[in-house]
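Let's take a walk through this structure together. Have the sequence and the 3D view handy.

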There are 2 protein chains.
Amino acid sequence: MGSAESYMTEIEAYVNKLGIQARAASREISKATTAEKNESLLATAEAINVNRTLLIQANKKDLEVGVEKGLETALMDRLELTESRINGMIEGLQQIVALDDPVGQISDLKFRPSGIQVGKMRVPLGVIGIIYESRPNVTVEAASLCLKSGNATILRGGSEALHSNQVIAACIKEGLQAAGLSGNVIQVLDRTDREAVGKLITMPEYIDVIIPRGGKGLIERISRDAKVPVIKHLDGNCHLYIDESADLEKSITVAVNAKTQRYGTCCTLESLLVDEAVAINILPKLCEEYRAHNVELRGCEKTQAIVDSVIPATEEDYSTEYLAPIISIKILNGLDEAINHINEYSSQHTDSIMTQDQCRAQRFLRDVDSSSVMVNASTRFADGFEYGLGAEIGISTDKLHARGPVGLEGLTSQKFIVLGDGHIRQ
Amino acid sequence: MGSAESYMTEIEAYVNKLGIQARAASREISKATTAEKNESLLATAEAINVNRTLLIQANKKDLEVGVEKGLETALMDRLELTESRINGMIEGLQQIVALDDPVGQISDLKFRPSGIQVGKMRVPLGVIGIIYESRPNVTVEAASLCLKSGNATILRGGSEALHSNQVIAACIKEGLQAAGLSGNVIQVLDRTDREAVGKLITMPEYIDVIIPRGGKGLIERISRDAKVPVIKHLDGNCHLYIDESADLEKSITVAVNAKTQRYGTCCTLESLLVDEAVAINILPKLCEEYRAHNVELRGCEKTQAIVDSVIPATEEDYSTEYLAPIISIKILNGLDEAINHINEYSSQHTDSIMTQDQCRAQRFLRDVDSSSVMVNASTRFADGFEYGLGAEIGISTDKLHARGPVGLEGLTSQKFIVLGDGHIRQ
């Protein structure tokens, strides 16, 4: 056997073992009580608190390797664990303790003409694989959401965060054991070979769903190669359409907030659409505000005719998620054109309309095919916390299973339950 | 270019074209009104009624080819369209007209502390691919459910039913056109090359989900090769566990009904588990009833000790979906053993417990990991009509997206909607 072959055999055996352990642990955690799960989350928070120094030392090691490798500033920033970020991890755990346990929730229990009662009960999905990049706090966030929803988890973090992730993994294991739960409920890969990911995403017998978190490249690669269902979110090319009937003051406030409140988030506004009936009234003032925020303006010809020094927008601009102080602007003729433009260019993440017209609001809500559709609100609201989910493991732009922010409920399924008293089928 | 290559190019171009047309049609049908969709369903029913003779002639052709090919009796039976089956197709269409339209339904609309209202709206999945075998009535059933839920559909029926399916396809097209909808909303493949299926299940850009209906071989093949999510149901190895506290009369009634009411359905009882504390009281009488129904008994050693002439059950028996008058019987010691046995051998379709004990009923409901879990009721109730879904496109033993009988709701997703009045994120 060649050495490449024996290497692959070794990797596959390693990941396979994790899978077998996870499947067994998923049976255990699916039956765990809410009290046990909460106890484990609090014990993990305590372990992180006690091991702060160790964690920061491990993170320093990762940062040093990062400097040697010449990682970009943005990556280095995401990698760093400060005292305040460690506090954030601890608070996050406490917040998840406070959330209702979705497992076992019964809904829609109704009597049927046959005399049986039929309803639905929430159940965990089973084993969830999380593949993510540099942020080590994802290890705690993802693991705690999966645990509370009764799932076993296998986490594969980025190689840049290996040392930090190993300390966090040890704290999680301590938390599980404090509550009398198996340490295999949450397993963090201690090797970061790419080949391990290849195996992880192709073993449906052990993994029920893969959630990748990271850049578009990672997510596309995983979606393409996976043999396991993937809950994913590719882009956030979000639109705001200002309708003819919009309140102009509110439109400016919302358009400025959606673009400038934070530039780097997936629900940041990237493309502004304006009805030509109101473009002349709104665009000069709005663009002035954007310029005061140093936002670069790229627009269609009509926009250029109304506002000075607008850079001509190309076809590519309308498809681009800038994640930067740049906005594309297009003047359109009416709601139909706006909906068609959005359904063609949007990444189906979040799109919003400013309008005072009830019928047009209804049509926009229904006909825009995105995971969040809004009326008279900033796209920046598209977030699990803002929606009241308590926390989110990501935002799905898929349609099957989950669409939009995914919280505890999105990590569960519903089975049917039937209650009878000796009922038989006629 | 070799002829094999040019054949593949031609097939791929053909299926690709259907995909492009379906994607465009899905945008149209997602916006169609309930009235338009119902009109189209009723016009299809009328077209089938008017074209009965044509349909029966086409079906005769299929049956003749079937005889030539030497199809099994069961297959020939499923293939045949009698007057009463045609009436059934027409009634099925009328029933779907009567169901509530799920598209656009808004739920859980709540105010959040920020002042925005957040809720969910039901939306179609997009394009659904249905791959099925000999029963031509599936063409109408599946197409009508997908239409009512606002989806475009591509149907690929079995080669044995080609002539029948083409007449049904023409009736459906007539129905769509009568309501002013595009004929591409429902497309039936007019060629049955296997290679077309290979293409259909690997074009995620045009197909959002594949639902295979047919034998285990077909479903396994499709699940393995698909690059599109699959909603599937493999087996129905269903259990009934008779607990120590069970009412013996009711247990016998339910156990007989679950096994003998119909032998060939996926929710038919295949394996009976009995607590050893009550085995001696119940098994002799129950087995006598089974024998009166000519059900073959295969049991564990303990069963053989209590009941005469029971065939020894092998390990394989406990994993088998007989779909026949045969049952496997095992005597166990208590609820834990029963739950463990079910979670190991069951196909996660439908499992039921007979018990008068509230706590054990609750534990069984929660800990048995199947798509339908029942207390004191016959497994034969696991059915979309019995559950009040109105109709079903199949029963999912998956967890992601849909679990159990899949009706109109299972063919939709939910997006988030946000209503504000100029609200911005702080």
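**Ground rules.** This is a predicted model, in which local features need pLDDT of at least 70, side-chain atom pairs count only at pLDDT 80 or more, and totals for chains, interfaces and linings use all residues. Residues are numbered from 1 along each chain as its sequence is written, while chains are lettered from A and ligands numbered from 1 in the order in which they are written.

**Two copies.** In general, two copies of a chain are related by a rotation about an axis and a shift along it.

**Where they meet.** Two residues count as in contact if their C-beta atoms, placed from the backbone, lie within 7 Å. The contact takes 56 residues from chain B and 56 residues from chain A. Several elements of chain B each supply at least two residues to its side, among them helix H1 (3-31), helix H10 (248-260) and strand S16 (412-423). Helices (H or I, at least four residues) and strands (E, at least two) are DSSP runs, numbered from the N terminus. S16(B) gives the most, with 11 residues. By type, the side of chain B that touches chain A divides into 20 nonpolar, 20 polar and 16 charged residues. Nonpolar here covers Ala, Val, Leu, Ile, Met, Phe, Trp, Tyr, Cys and Pro, charged covers Asp, Glu, Lys and Arg, and the others, Gly among them, are polar. And 100% of the interface residues of chain B are also interface residues in chain A, so the copies meet through the same surface.

An open sheet of 10 strands, with mixed pairing, has the order S1(A)-S2(A)-S16(A)-S13(B)-S12(B)-S7(B)-S8(B)-S11(B)-S9(B)-S10(B). Strand S1 (106-111) of chain A and strand S10 (311-312) of chain B stand at the edges with a single partner strand each, so one side of each has no neighbour in the sheet. Two strands pair if DSSP finds at least two bridges between them.

| Strands | Sense | Bridges |
|---|---|---|
| S2(A) and S16(A) | antiparallel | 8 bridges |
| S16(A) and S13(B) | parallel | 5 bridges |
| S7(B) and S12(B) | parallel | 4 bridges |
| S3(A) and S4(A) | parallel | 5 bridges |

Helix H14 (residues 335-345) of chain B has B:Leu335, B:Ala338, B:Ile339, B:Ile342 and B:Tyr345 buried. They cover an arc of only 155° around the axis, which puts them on the same side of H14(B); the arc is that of the directions from the helix axis to the C-beta atoms. A residue is buried if 20 or more other C-beta atoms lie within 10 Å of its own, exposed if 12 or fewer, and partly exposed in between, with C-beta atoms placed from the backbone. On the face turned away, B:Asp336 and B:Glu344 are exposed.

H15(B) lies across S2 and S16 of chain A together with S12 and S13 of chain B, at about 155° to S13(B). Angles run from 0 to 180 degrees between N-to-C directions, with axes being lines fitted to C-alpha atoms, for helices over the stretch in contact.

**One residue up close.** Is A:Leu419 buried, exposed or partly exposed? A:Leu419 is partly exposed, with 17 other C-beta atoms within 10 Å. A:Leu419 is found in strand S16 (residues 412-423) of chain A, where 9 of the 12 residues are buried, so the strand is largely enclosed by the rest of the structure. The bridge partner of A:Leu419 in S13(B) is B:Val375. Leaving out residues up to four places away in sequence, A:Leu419 touches A:Ile116, A:Gln117 and B:Val375.
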